[in-house]
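Dear colleague,

Please find the structure below, handed over for your records.

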Amino acid sequence: MAWQRYALLDCGADPQLHPALFDHRMRSGLRARGLLERQPEAAHANKGPWLLEVPTQQANPELVRWLIHVGHQAPCLAWLAAEVPFDALFDHLEAQLDLALPDGGLAMMRFWDPRAFYRLQRILTPGQLLALLGPVLEWQIALAGRPMHVRREDLKRSRQEQDAHAGTHP
C-alpha cells in the first residue's frame with residue numbers, strides 16, 4: 001500500500017473548529033472520526049482530537065488551505081503520513097490515548113496537541129516514540145511557525161545506534 005496523508009486536528013483549540021470540520025465533512029465527504037468517540041470522554045468528542053483522511057490523489061484544495069490556516073492560528077494540527085488505511089491508523093491512535101500511571105490509574109496522553117507532542121519527542125526514547133507512532137511514517141507539527149517532524153526511519157536508526165552503544169558499555 002502506498003502512503004496516505006492524514007491530519008490530526010485538535011478541535012479543543014477553538015470552539016469554531018468542530019463546526020467548520022463538520023461543514024467540510026458534509027460538503028466534501030471527508031472521512032473523519034473523533035478519537036474520543038469510543039472513550040469515557042465521548043460526550044466531549046467534538047472538543048477533542050479528530051483524525052482526517054486527506055487523500056493525496058484527489059486532494060481537496062479548500063480543505064488543505066483551511067487546515068493550513070487553522071494550523072497557523074493555533075497549535076492544533078499535525079500532519080501524518082502512514083502506510084495503513086484510515087481505520088487501522090484510527091485504531092492505533094485510539095489505543096495510544098491512555099497512559100498507565102505507576103499507581104495503576106490512567107491518564108490521557110495528549111499526543112495530538114503539537115505542544116505536548118513536542119515535549120514527548122524530547123523525553124521519550126526512540127523505542128517509545130516508535131511505539132507511539134506505530135504505522136505512522138512521519139509526524140509533522142509546527143510551533144510558533146517553526147516546522148518540526150519525527151520520521152520513523154530516523155527513530156529506527158537512533159534506536160539501533162543506542163543499542164549498539166549500549167552493547168559496547170557494560
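Does C76 count as buried or exposed? C76 counts as buried, because its relative accessibility is 1%; buried here means under 20% relative accessible area, exposed over 50%, and partly exposed in between, with a 1.4 Å probe and protein chains only.

Before the remaining findings, two notes on the basis of the work. This is a predicted model, in which local features need pLDDT of at least 70, side-chain atom pairs count only at pLDDT 80 or more, and totals for chains, interfaces and linings use all residues. Residues are numbered from 1 along each chain as its sequence is written, and side-chain values use heavy atoms, with hydrogens and water left out.

Cysteines

The structure holds 0 disulfides, a disulfide being a pair of cysteine sulfur atoms within 2.5 Å. For C76, the closest cysteine sulfur is in C11, at 8.1 Å, which is too far for a bond. C11 also counts as buried, because its relative accessibility is 3%.

The sheet

An open sheet is formed by 6 strands in the order β2-β3-β1-β4-β7-β8, with antiparallel pairing. Two strands pair if DSSP finds at least two bridges between them; helices (H or I, at least four residues) and strands (E, at least two) are DSSP runs numbered from the N terminus. The edge strands, each pairing on one side only, are β2 (32-34) and β8 (146-151). From one strand to the next, the twist averages 20°.

Strand β1 (residues 4-10) is joined to strand β3 (residues 49-53) by 5 bridges, and the two run antiparallel. Within β3, P49 is the bridge partner of D10, and L52 stands opposite A7. Strand β1 also pairs with β4 in the antiparallel sense, over 6 bridges; here L8 stands opposite A78. Of the 7 residues of β1, 5 are buried, so that the strand is mostly covered.

Helix α3 (residues 86-95) lies across β1, β2, β3, β4 (77-82) and β7 (136-143), and runs at about 160° to β3. Contact means heavy atoms within 4.5 Å. Axes are lines fitted to C-alpha atoms, for helices over the stretch in contact, and angles run from 0 to 180 degrees between N-to-C directions.

Helix pairs

The axes of helix α1 (residues 17-28) and helix α2 (residues 61-73) come within 11 Å and cross at roughly 170°. Helix α1 is therefore roughly antiparallel to α2; angles under 35 degrees count as roughly parallel, over 145 as roughly antiparallel, 65 to 115 as roughly perpendicular and the rest as oblique. In this contact, L17, A20, L21, H24 and R27 of α1 meet E62, L63, W66 and V70 of α2. By class, the contact of α1 with α2 has 6 nonpolar, 1 polar and 2 charged residues. Ala, Val, Leu, Ile, Met, Phe, Trp, Tyr, Cys and Pro count as nonpolar, Asp, Glu, Lys and Arg as charged, and the others, Gly among them, as polar.

For helix α4 (residues 114-123) and helix α5 (residues 126-133), the axes come within 8 Å and cross at roughly 140°. Helix α4 is therefore oblique to α5. Here F117, L120, Q121 and I123 of α4 meet Q128, L129, L132 and L133 of α5. The contact of α4 with α5 comprises 6 nonpolar, 2 polar and no charged residues.

With kind regards
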